[in-house]
Amino acid sequence: MVANPLPPLARWLAQRRWVMRWAPVVLRVERLIRRVSGGRLGVLDLVGLPSIEITVAGRKTGIPRTTSLLYVPYDDDFVVLGSNWGSRDHPAWAANLRAADTASARCKGEQFLVTVREITGVERKRFWDLAVEFWPGYAMEYELSGGRVFPIFELRRLSA
């Protein structure tokens, strides 16, 4: 069986500054692919990278908000970072997740609930190192952001 060449290519591209300018296009393509596939697939899925779709209530409106994210596998859990493509601003989904105890998640076609825990304090460096080892583009995005501290969340599947 031939290994999928796309994940290494995506990791290489994610370390190129010019790629960050393509974020709006990638996000539009993501929405289109999610709509056409009934929410089962996104851009990350197509290139063989781990993708999770998170739905969490808006912290101000209470309206459910859904976003697709790259995740870093961590045992049976999911680690997500608010890199926002290297923007100087935090992503809105991170503030919503910070305000929530739980969220709905979809991964590999399966829907389930997760608990939300923001990683802070002494634990943060270990999770940051894990994330950068998995997705080296985070280091470049950190530089692009002007040194903004990305929120890091651990999402743990709730037992049925």
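This report describes the confidence, cores, helix packing and salt bridges of a predicted model.

**Confidence**

The mean pLDDT of the chain is 87, and 93% of the residues score at least 70. Among the elements, strand β7 (residues 152-157) has the highest mean pLDDT, 98, whereas helix α3 (residues 43-46) has the lowest, 72. Where pLDDT is low, the predicted coordinates should not be read in detail.

**Nonpolar cores**

The largest nonpolar core holds 19 residues, of which Ile52, Ile54, Val80, Leu97, Phe153 and Leu155 touch the most other members. Two or more residues of this core come from each of β1 (51-57), β4 (77-81), α4 (92-98), β5 (102-107), β6 (110-118) and β7. Beyond residues up to four places away in sequence, Ile52 touches Thr67, Ser68, Leu69, Tyr71, Phe78, Val80, Ala105, Arg106, Cys107 and Leu155. Another core lies apart from the largest one; it has 15 residues, including Ala10, Leu70, Ile119 and Trp135. In soluble globular proteins, nonpolar side chains tend to be buried together.

Within helix α6, the residues Gly137, Tyr138, Met140 and Glu141 are buried. These buried residues line one face of the helix, because they fall within an arc of 160 degrees when α6 is seen down its axis. Their packing partners are β2 (64-70), β3 (72-74), β4 and α5 (123-134).

Ser145 belongs to the loop between α6 (137-144) and β7. With a relative accessible area of 3%, Ser145 falls under the 20% cut-off and is therefore buried. The side chain of Ser145 reaches the backbone oxygen of Tyr142 at 2.7 Å. Setting aside neighbours within four places in sequence, Ser145 is in contact with Gly86, Ser87, Arg88 and Phe150. Gly146, which follows α6, has a positive phi, near 80 degrees.

**Salt bridges**

The whole structure contains nine salt bridges. Three of them are listed here.

| Pair | N to O distance | Relative accessibility |
|---|---|---|
| Arg156 and Asp77 | 3.0 Å | Arg156 42%, Asp77 9% |
| Arg157 and Glu110 | 2.8 Å | Arg157 34%, Glu110 40% |
| Asp129 and Lys125 | 2.7 Å | Asp129 35%, Lys125 55% |

The side chains of Arg156 and Asp77 meet in a salt bridge. Arg156 lies in strand β7 and Asp77 in strand β4, so this pair ties together parts that are 79 residues apart in sequence. Arg156 counts as partly exposed, while Asp77 counts as buried.

A salt bridge also joins Arg157 to Glu110. Because Arg157 is in strand β7 and Glu110 in strand β6, the pair ties together parts 47 residues apart in sequence. Arg157 is partly exposed, and Glu110 is partly exposed.

The salt bridge of Asp129 with Lys125 lies within helix α5, where the two residues are four apart and thus separated by about one helical turn. An α-helix has 3.6 residues a turn, so residues three or four places apart point the same way. Asp129 counts as partly exposed, whereas Lys125 counts as exposed. Elsewhere, salt bridges that share partners join Asp77, Arg117, Glu123, Arg126, Glu154 and Arg156 into one network.

Note on methods: Residues numbered from 1 in each chain as written. Heavy atoms only, no water. pLDDT = per-residue confidence, 0-100. Buried < 20%, exposed > 50% of the residue type's maximum accessible area, 1.4 Å probe, protein only. Polar contact = N/O pair within 3.5 Å; in protein donor to acceptor, adjacent residues only side chain to side chain. Contact = heavy atoms within 4.5 Å. Core = buried A, V, L, I, M, F, W, Y, C linked by side-chain atoms within 4.5 Å. Arc of directions from axis to C-beta. Salt bridge = Lys/Arg side-chain N within 4 Å of Asp/Glu carboxyl O.
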